[in-house]
Amino acid sequence: MTKVVDNETLNQVLTHYGCSIENCTVSPLGNGLINDTYLVSNEQANFVLQRINKNVFKNPKDVINNAELINKHLLSKNHNKLYSLSPIWQIPTIDGQPLVIDTNNQYWRAIHYIPNCFSVEEVETPEQAKQVGSAFAQFTSALSDFSATSLTETIPDFHNLSKRMNDLRAVIKADAQGRLSSCQQLVDYCFSAQSFIDEVDELTQRLPIQVTHNDTKINNLLFCAQSKLPLAVIDLDTCMPGYLMHDFGDMVRTCCSNLPEDGTDLPNMTVRFDIYSALSQGYIEAFGDRMSELEQQSLVIGAQLLPFMLGVRFLTDYLDGDNYFHVKHENHNLERAKNQLNLYRLLHKDRNKLNEIAAEFSVAVI
Ligand code: GN1
Ligand code: MG
């Protein structure tokens, strides 16, 4: 997928929000791999404009509707002082519509822009990691009494590892781009992890379902420019019923490596255990006794699972011809896959250490 939007289309969409390309500036925002996101600024205000990727979200209206329901719930929690972060508002068109469908049949929405905040690509200190863990825990805690059945599953089986392995098998069989020979070793490595895959399968049958965010990468948190504290959890696109270990695992995946997810200096990749420890503490403590013992134990599996699953997903997309994730160059998905599977390897190798750290912060559940 490429990120090209022509000015005519952009202008057509902007008019639905009372703007035009003449009276505002439009600049790309963030580093998302799926949707196309822009900051629209004019003298009066700023807002976020987003084209939802229809190839990924088959029914974009569900994405918008889910976010609306979640935000309403969070706002009422916020009013009752049970949620201290800020909900994120979607903005209707001047005709009161939740979205715009352009002439190319692409779906757009606008989102309230929170000023005076910043996002982080790399966690700098354990203190910051603790805040990250705590913020995402608050988000899920606040949704503990939200009816999971009112949400539509925007991507079915999103974090189902066996299904992701089947997707990998299918693209290997097709080898549509003739790329298999360039990554056979990596493919073999994925299938050699069958005992880990079985362990995950067995665990997921016993874990309770919660409404989880499912994309808790570090840059989906906004920090206040003044206090430097977390201000809002953003990107609710995959907020669906899931397991806590997925959210924890995605934080580990994006906070604990010393390299970004597409970094290529793999011989020098390390796990930052001080960050891991602080994340665990922040996440577990903020849940308190609302996290069951089994969920506490599952976090270490989640920490290995998310890098592994992302490795499999990037590899699948590479073999399939880069149809899912935005890529910047030909081997981008392959580089990401190698990076994520190496991170899994390092975390898996040190899983006893991860268990010891988690045990330090475990909370007795009555
Ligand atoms: C995608 O586009 P973004 O950054 O919100 C992906 C996540 C991955 C992430 C990897 C719907 O998220 O699952 O973890 O890229 N979102 C979807 O950077 O597939
Ligand atoms: Mg996302």
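**View 1. Polar contacts of ligand 1 in the predicted model.** A polar side-chain atom of aspartate 235 is placed 2.9 Å from an oxygen atom of ligand 1. In this predicted model, an oxygen atom of the ligand also lies 2.7 Å from a polar atom of leucine 33, which in this case belongs to the backbone. For arginine 253, the distance between an N or O atom of the side chain and an oxygen atom of ligand 1 is 3.3 Å. Taken on its own, ligand 1 has 440 Å² of accessible area, of which the protein covers 95%.

**View 2. The shell of residues around ligand 1.** There are 16 residues around ligand 1, and those that come nearest are Leu33, Lys217, Glu261, Arg313 and Tyr324. Sorted by class, this shell is made up of eight nonpolar, six charged and two polar residues. The space that ligand 1 takes up is the largest pocket.

**View 3. Ligand 1 and the two domains.** The domain assignment of the protein chain gives domain 1, which comprises 7–58 + 88–113, and domain 2, which comprises 126–359. Because both domain 1 and domain 2 give residues to the shell around ligand 1, the ligand lies between them.

**View 4. Contacts between domain 1 and domain 2.** The C-alpha centres of domain 1 and domain 2 are 28 Å apart, and the two domains are in contact through twelve residues of domain 1 and 16 residues of domain 2.

Notes. Residues numbered from 1 in each chain as written. Chains lettered and ligands numbered in written order. Predicted model: local features only at pLDDT ≥ 70, side-chain atom pairs only at ≥ 80, totals over all residues. Heavy atoms only, no water. Near = heavy atom within 4 Å. Polar contact = N/O pair within 3.5 Å; in protein donor to acceptor, adjacent residues only side chain to side chain. Areas by Shrake-Rupley, 256 points an atom, 1.4 Å probe, with all protein chains shown as cover. 1 Å grid on protein atoms, 1.4 Å probe; cavity = no way out; pocket = protein on both sides within 12 Å on 5 of 7 lines; lining within 4 Å. Sits in = over half its atoms within 2 Å of the grid points. Nonpolar A, V, L, I, M, F, W, Y, C, P; charged D, E, K, R; others polar. Domains from an automatic or database assignment. Contact = heavy atoms within 4.5 Å.
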